[in-house]
Structures are given as C-alpha cells and as structure tokens.
Amino acid sequence: MKLRVGLGYDVHQLAEGYPLYVGGILLESIKGAVGHSDADVLLHAICDALLGAAGKKDIGFYFPNTAQEFKNIDSKILLSKVVEIIEQDGWKINNVDSTLILETPKINPHIDTMKAVLAPILKIDSSELSIKATTSEKLGFVGEERGIQAHAVALLIR
Ligand SMILES: [Zn+2]
C-alpha cells in the first residue's frame with residue numbers, strides 16, 4: 001500500500017458585482033470572487049492538493065485561464081476531471097482537509113452543504129472531507145476584504 005500527501009493553495013480577488021462561489025455553492029455576499037472560471041477558491045485548492053499528491057502539475061496546467069472552454073466554468077467540473085486524472089494512476093482519496101480564510105460572510109452555516117456537494121465528487125464519505133473557516137483578523141488583503149484564500153491537503157492511497 002502506498003500513501004501520498006499533497007498540498008494546495010489558492011487566492012482570488014474579491015470585488016463587487018461578482019458572484020461568490022465557495023465550496024461548490026453560491027453564497028450571498030456583496031463582494032464576489034474574480035476569476036476566469038467561477039473562481040471557487042476552495043475547489044481550486046483541493047484540485048491542487050490532489051494533483052500534488054499524485055505527482056502531477058498544477059491546476060493551471062490542465063485548465064489554463066487563457067482557454068475559452070474554461071471561461072466561467074463550474075469548478076465542480078474541474079474537480080471531477082482532477083479526480084479522473086488521479087484515478088487513471090490508480091489513486092483513491094483517503095481524506096481531504098481544508099481551511100478557508102475570509103472575513104465575510106460566515107462560512108460555518110454552509111459547511112455541511114459544501115461537504116454534501118463535494119464528497120460525492122471526491123468519491124469519499126463526507127466524514128473524510130474537512131472544511132474549516134477562519135478570518136484574517138482584519139489583517140492584510142484578506143482582512144481588508146480584498147481577497148479570499150484557501151489551503152488544502154489531501155492524502156491519496158493506492
Ligand atoms: Zn483559483
């Protein structure tokens with residue numbers, strides 16, 4: 001049996017007039033995330049954690065932000081494609097842990113919904129997917145509500 005750990009990190013700018021997709025769902029928010037896809041920072045961090053654990057290149061290599069086919073794409077589609085990529089090498093996901101960092105809105109009331117949406121895409125039980133959230137205590141670009149960050153780690157098993 002082989003185990004591999006991977007790390008993922010992502011950041012997106014926040015601006016008024018954009019939707020805020022986080023963890024595969026649309027949140028009510030004055031500001032939304034700016035990006036080529038739906039700019040779901042958590043999903044992009046999880047994609048990179050999975051790709052990293054499998055020894056693959058990063059999400060931008062597989063889904064370049066210059067490609068028209070990925071414009072405004074639902075990041076759940078990207079995540080399911082990443083799961084396919086790692087499965088081709090015989091990997092299964094053991095568990096994923098993640099942390100979102102943003103000032104507002106509050107994430108905690110939505111975490112169970114996010115886990116219910118994402119666990120089937122990852123083909124794991126929702127108990128094997130952790131989503132945590134914190135603020136940046138008003139410090140830096142996240143604290144000033146100019147951006148949103150996510151970190152993720154994934155453990156793959158083969
Ligand atoms: Zn991203």
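Student: In what order do the elements of the protein run from the N terminus on?

Tutor: The order is β-β-β-β-α-α-α-β-α-β-α-β, where helices (H or I, at least four residues) and strands (E, at least two) are DSSP runs numbered from the N terminus. The total is five helices and seven strands. This is a predicted model, in which local features need pLDDT of at least 70, side-chain atom pairs count only at pLDDT 80 or more, and totals for chains, interfaces and linings use all residues. Residues are numbered from 1 along each chain as its sequence is written.

Student: Why is the protein called as compact as a globular protein of its length?

Tutor: The radius of gyration is taken over C-alpha atoms, and the globule rule is 2.2 Å times the number of residues to the power 0.38. For 158 residues the rule gives 15 Å, and the protein has a radius of gyration of 15 Å, so it is as compact as a globular protein of that length. Its C-alpha trace spans about 45 × 35 × 25 Å along the principal axes.

Student: What makes the span of helix 4 agree with expectation?

Tutor: The expected span is 1.5 Å times one less than the number of residues. Helix 4 has 12 residues and should therefore span 16 Å; its end C-alpha atoms are 16 Å apart, which agrees.

Student: Which residues of helix 4 are buried, and why are they placed on the same side?

Tutor: M114, K115, L118 and L122 are buried; a residue is buried if 20 or more other C-beta atoms lie within 10 Å of its own, exposed if 12 or fewer, and partly exposed in between, with C-beta atoms placed from the backbone. They cover an arc of only 95 degrees around the axis, so they lie on the same side of helix 4; the arc is that of the directions from the helix axis to the C-beta atoms. The face turned away from this buried side carries the exposed residues D112 and P120.

Student: How do you know that the buried residues of helix 3 line one face?

Tutor: The buried residues in helix 3 are S75, L78, L79, V82, V83 and I86. Seen down the axis, they fall within an arc of 145 degrees, so they line one face of the helix. An α-helix has 3.6 residues a turn, so residues three or four places apart point the same way.

Student: What covers the buried residues of helix 3?

Tutor: The cover includes strand 2 (20-22), helix 1 (41-53), helix 4 (111-122) and strand 7 (147-157). On the face turned away from the buried side, E84 and Q88 are exposed.

How values were computed:
Two residues are in contact if their C-beta atoms, placed from the backbone, lie within 7 Å.
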